[in-house]
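Opening the notebook on this one. I'll jot down what I looked up, with the cut-offs as I go.

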Amino acid sequence: MKRNILVELLTFWKSWHFRPPVNLVAKMKSCLPWKSTGVFATARRQDTTMYAVSADSKGLDTVVGLLADVVLHPKLTDEEIEMARMAIQFELEDLNMRPDPEPLLTEMIHEAAYRGNTVGLHRFCPTENIVKIDREMLHSYLRNYYTPERMVLAGVGVEHDALVECARKHLVGIRSAWGSQTAVDVDRSVAQYTGGVIKLERDMSNVSPGPAPFPELTHIMIGLESCSFLEGDFIPFAVLNMMMGGGGSFSAGGPGKGMFTRLYLNVLNRHHWMYNATAYHHSYEDTGLLCIHASADPRQVREMVEIITKEFLSMAGTVDVVELERAKTQLMSMLMMNLESRPVIFEDVGRQVLATRSRKLPHELCALIRDVKPADVRRVSSKMLRGKPAVAALGDLADLPSYEDIQAALSSRDGRLPRTYRLFR
């Protein structure tokens, strides 16, 4: 919850107040061309706050000095904190009104999969707690988590020795704004996968932001525990996720858009009434979650769930060599395309070193991807299917199968839900 306020401060207010360094403005002018300075924070749990500054290579000392000021000496004024509170309040209201349910479903599936612990805890700040977070609480958060062993200074296009020297000058032995007390409240819990179901009944008939109404849909997300990004099976799971692919029923494009993935070929192409079928893979330091999100008319929820359970079971079945090679090629293509951008390289370096204390180069990752065999995909899928499912459901849930029925379908040979019989309809 503290982090929500902090993220807003980092994301929305780039002009933080720093302790006034001597001649900072003059130094900035001396290293022109000066590019945009920015601060951005990223996604969920076990997450990383990354500060990015771009400048001419001659201004490296000034850039690192500026970053040190941003990280270690933010003033966190009352005005900034209040503006962050307002932004969070708006985001929470927008979350419940937006037609795209994916952020809320992602929150729900984590809560179902890791009930009451680590990555299953609420990401979004409860409305009633927004006003409770003040400067003292934020300083407590910074004191506990902004520590040297949790930080990485990454640079792209700079000499390593020069970067190390600047780090020693501006970051080592510098007293921070929140003092030098030892961190005492660091959560080192290990994720415990529980499985389970989270349901949210909601009228989805009035979510259209414009005059043309959206169809009323029920959204289901089913997930199973995969692996952490530190395990050897991470790459086979990444290939499996790419092989499943999917998207919305109105997506356009050729193979590069994933139109030949399983969820397009087996689900969206065959069942015109389904509006969405997309695979997601969330991977963390100590766990992972592979999910499929599907959307359809509330009257066809049961049929939709059965289609998704069948797709999960098919993961452990026959893997066609052509579809596997296509998935591996697409994964390598996305990897290499993303790494053409220097900001992405910088982020990749920072994240990998922070998480694994080392960095795998692109050609090493591509070699690992090429080594994935059909047997690897079947093996990781079979292992995943032995676990309990996590289920998140949003919308009109009158026809949603019970959690026990979904679990039984995933444990069966054909993925079918147990038959139900009604005397009256």
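I sort residues by relative accessible area with a 1.4 Å probe and protein chains only: buried is under 20%, exposed is over 50%, and partly exposed is in between. This is a predicted model, so I keep to its limits: local features need pLDDT of at least 70, side-chain atom pairs count only at pLDDT 80 or more, and totals for chains, interfaces and linings use all residues. Residues are numbered from 1 along each chain as its sequence is written, and side-chain values use heavy atoms, with hydrogens and water left out.

**Overview**

I started with the secondary structure, taking helices (H or I, at least four residues) and strands (E, at least two) as DSSP runs numbered from the N terminus. The protein has 15 helices and eight strands. Of its 425 residues, 45% are buried. I also looked up contacts, meaning heavy atoms within 4.5 Å. Among those with a separation of 6 or more, 78% join residues 24 or more positions apart.

**Salt bridges**

My criterion here is a side-chain nitrogen of Lys or Arg within 4 Å of a carboxyl oxygen of Asp or Glu. The whole structure gives 14 salt bridges.

I looked at Arg135 and Asp78, whose side chains meet at 2.8 Å, N to O. Arg135 is in helix α6 and Asp78 is in helix α4 (residues 78–97), so this pair ties together parts 57 residues apart in sequence. Is Asp78 buried or exposed? Asp78 counts as exposed, at 56%, while Arg135 is partly exposed at 30%.

Next came helix α12 (residues 342–356), which also holds Ile345. Arg351 and Glu347 form a salt bridge at 2.9 Å, N to O; they are four residues apart in α12, about one helical turn. Asp348 pairs with Arg359, the closest N and O atoms being 3.0 Å apart. Arg359 sits in the loop between α12 and α13 (362–370) and Asp348 in helix α12, so the pair ties together parts 11 residues apart in sequence. Asp348 is buried at 19%, but Arg359 is partly exposed at 27%.

Arg359 turned up again when I checked Ile345: leaving aside neighbours within four places in sequence, Ile345 contacts Val156, Leu339 and Arg359.

I also noted a network of salt bridges linking Glu306, Lys310, Asp414, Arg416 and Arg419.

**Helix α7 and its cysteine**

Which residues of α7 are buried? I found Leu163, Cys166, Ala167 and His170. Viewed down the axis of α7, they fall within an arc of 105° (taken from the directions from the helix axis to the C-beta atoms), so they line one face of the helix. Their cover includes α3 (60–72). On the other side of α7, Asp161, Arg168 and Lys169 are exposed.

Cys166 has a relative accessible area of 8%, and Cys291, also buried, has 0%. I searched for disulfides (cysteine sulfur atoms within 2.5 Å) and got zero in the whole structure.

**Asp405**

Asp405 is in helix α15 (residues 403–411) and is buried, at 19%. Not counting residues up to four places away in sequence, Asp405 touches Arg302, Leu417, Pro418 and Thr420. From Asp405 to Leu417, 12 residues along the chain, the C-alpha separation is 5.9 Å.
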